Amino acid sequence: PSLPQRPAPSVSLTQFLIEAQRAGHVSPDLRLLIEVVARACKRISIAVGKGALGGVLGEAGSAGEASINIQGEAQKKLDVIANDVLMEANAWGGHLAGLASEEMDHSQPIPDVYPRGNYLLLFDPLDGSSNIDVNISVGTIFSVLRCPDGVTTPGDEHFLQPGTEQVCAGYTTYGPSTMLVLTVGHGTHAFTLDREIGGFVLTTRDMRIPDETKEFAVNMSNQRFWEPPMQAYVGDLLAGTEGPRGKDFNMRWVASMVADVHRILTRGGIFSYPLDSKCAAKGGKLRLMYEANPMSFLVEQAGGASSTGRQRMLEVRPTGLHQRVPVFMGSRREVETAVDYHLRHD
Ligand code: AHG
Ligand code: MN
Ligand code: MN
Ligand code: MN
């Protein structure tokens, strides 16, 4: 028998980013910004992992009074903790001009006491927070844009750039293991947190989403509220081998976008949160700037597609920081099929 091969050397996030800088894929400032975000996510991972022992579960607010965010949702304690961790970690680094978050009404410029950099950071500090009290995976999503030239104190309007302008996007999933999935526009790469060492290690270089799939993700309880093309599309998925699609489909719905999209990046599928008559007035359920856009960038960089059902997600011209959109993302051919149903109907 031949001697065992020497195992491939492991690549830390820091090494990966230094190599990306040498290849001209990230600036030194963006590299350090990603390191700061990753460090903040490690702290969130520790807080999430403590669960009931850390006193971090349940609703935020005091004296029996719920704390309601700009989305009209009751905040969980961990929504607030994760937001604070990301704010604190990023305020003083010198790489950012401003930040915006799902949990804050408006964007915030970096305070004058700190040096200001050239990037804008948007984040969903804790995605899937309805799952936190039942010990199901949650995550953090982030997106990085350039601060427009000549702007020193950015306001909300400076964040309103289409997703094609993102220079970096990523998420962390706090599941059985904590993983960071990242793109700087040269593929989508996955890192796993080594808890003993306390660092992220590259575990999948260049994730690829299969073009075709037999798995879909949607909250089926909204079926009767969907638009006719969505009714028709899912009706045909459910008809399986008896219907026009000619194959049986499986369904999964974690209700944490990060966990659902992570599954799709790993083994394919289509994730959708379509327009329904309950969320139509708001334009959809999921938020463009810190949910749909970063996830779409990651999915496209892994060979997948992402659409509102009628338009490529990354080309949507944003009109508001907390703007909502319908979402279809994942395996390229399946997203194209879902879009076809919408276009044929219009
Ligand atoms: P968040 O916890 O950041 O507010 O996001 C929740 C989102 C998303 O993670 C998930 O896909 C979706 O809400 C689940 O919605 P339903 O509860 O309507 O299924
Ligand atoms: Mn929320
Ligand atoms: Mn979210
Ligand atoms: Mn959230």
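**Figure 1. The 8-stranded sheet.** Here 8 strands make up an open sheet with mixed pairing, in the order β2-β1-β3-β4-β5-β6-β7-β8. Its edges are β2 (108–109) and β8 (199–204), each pairing on one side only. What you're looking at is a predicted model: local features need pLDDT of at least 70, side-chain atom pairs count only at pLDDT 80 or more, and totals for chains, interfaces and linings use all residues. Residues are numbered from 1 along each chain as its sequence is written, while chains are lettered from A and ligands numbered from 1 in the order in which they are written. Strands (E, at least two residues) and helices (H or I, at least four) are DSSP runs numbered from the N terminus; two strands pair if DSSP finds at least two bridges between them.

Figure 2. β3 (residues 119–127) and β4 (residues 138–146) run antiparallel and are joined by 7 bridges. One spot to look for is Tyr119, which sits opposite Arg146 of β4. Between β4 and α4 (156–159) there's a loop, and Val151 is in it. Val151 and Asn118 are 33 residues apart in sequence, but their C-alpha atoms are 9.0 Å apart in space.

Figure 3. β5 (168–174) is largely enclosed by the rest of the structure, because 7 of its 7 residues are buried. Cys168, Gly170, Thr172 and Tyr174 point one way from β5, and Ala169, Tyr171 and Thr173 point the other way. In a regular strand, the side chains alternate between the two faces of the sheet.

**Figure 4. The 5-stranded sheet.** This open sheet has 5 strands, ordered β10-β9-β11-β15-β13, and its pairing is mixed. β10 (250–251) and β13 (305–307) are the edge strands, each pairing on one side only. Follow β15 (residues 327–330): 4 bridges tie it to β11 (residues 270–273), and the two run antiparallel. Tyr273 stands opposite Val327 of β15, and Ile270 has Gly330 of β15 as its bridge partner. β13 also runs antiparallel to β15, with 3 bridges between them; Ser306 partners Met329 of β15. Val327 and Met329 point one way from β15, Phe328 and Gly330 point the other way, and all are buried.

**Figure 5. Helix α7 against both sheets.** α7 (residues 288–301) lies across β13 and β15, at about 25 degrees to β15. α7 also lies across β3, β4, β5, β6 (178–183) and β7 (188–194), this time running at about 85 degrees to β4. Contact means that C-beta atoms, placed from the backbone, lie within 7 Å; axes are lines fitted to C-alpha atoms (for helices, over the stretch in contact), and angles run from 0 to 180 degrees between N-to-C directions.

**Figure 6. Helix α6.** Of the 11 residues of α6 (residues 257–267), 8 are buried, so the helix is largely enclosed by the rest of the structure. The buried set is Met257, Val258, Ala259, Asp260, Val261, His262, Ile264 and Leu265. After α6 comes Gly268, with a positive phi, near 90 degrees.

**Figure 7. The shell around ligand 1.** Surrounding ligand 1 are Glu73, Glu102, Asp124, Asp127, Gly128, Ser129, Ser130, Asn219, Ala255, Ser256, Met257 and Tyr273 (near here means a C-beta atom, placed from the backbone, within 6 Å). By type, the shell splits into 3 nonpolar, 5 polar and 4 charged residues; Ala, Val, Leu, Ile, Met, Phe, Trp, Tyr, Cys and Pro count as nonpolar, Asp, Glu, Lys and Arg as charged, and the others, Gly among them, as polar.

**Figure 8. The annotated C-terminal stretch.** An unreviewed UniProt entry lists residues 209–341 as "domain: Fructose-1-6-bisphosphatase class 1 C-terminal"; positions follow the numbering used here, feature names are shortened, and annotations may be inferred rather than shown by experiment. Residues 209–341 are 35% helix and 15% strand, and their end C-alpha atoms are 22 Å apart.

Conventions: Contact = placed C-beta atoms within 7 Å. Buried ≥ 20, exposed ≤ 12 C-beta atoms within 10 Å, placed from the backbone.
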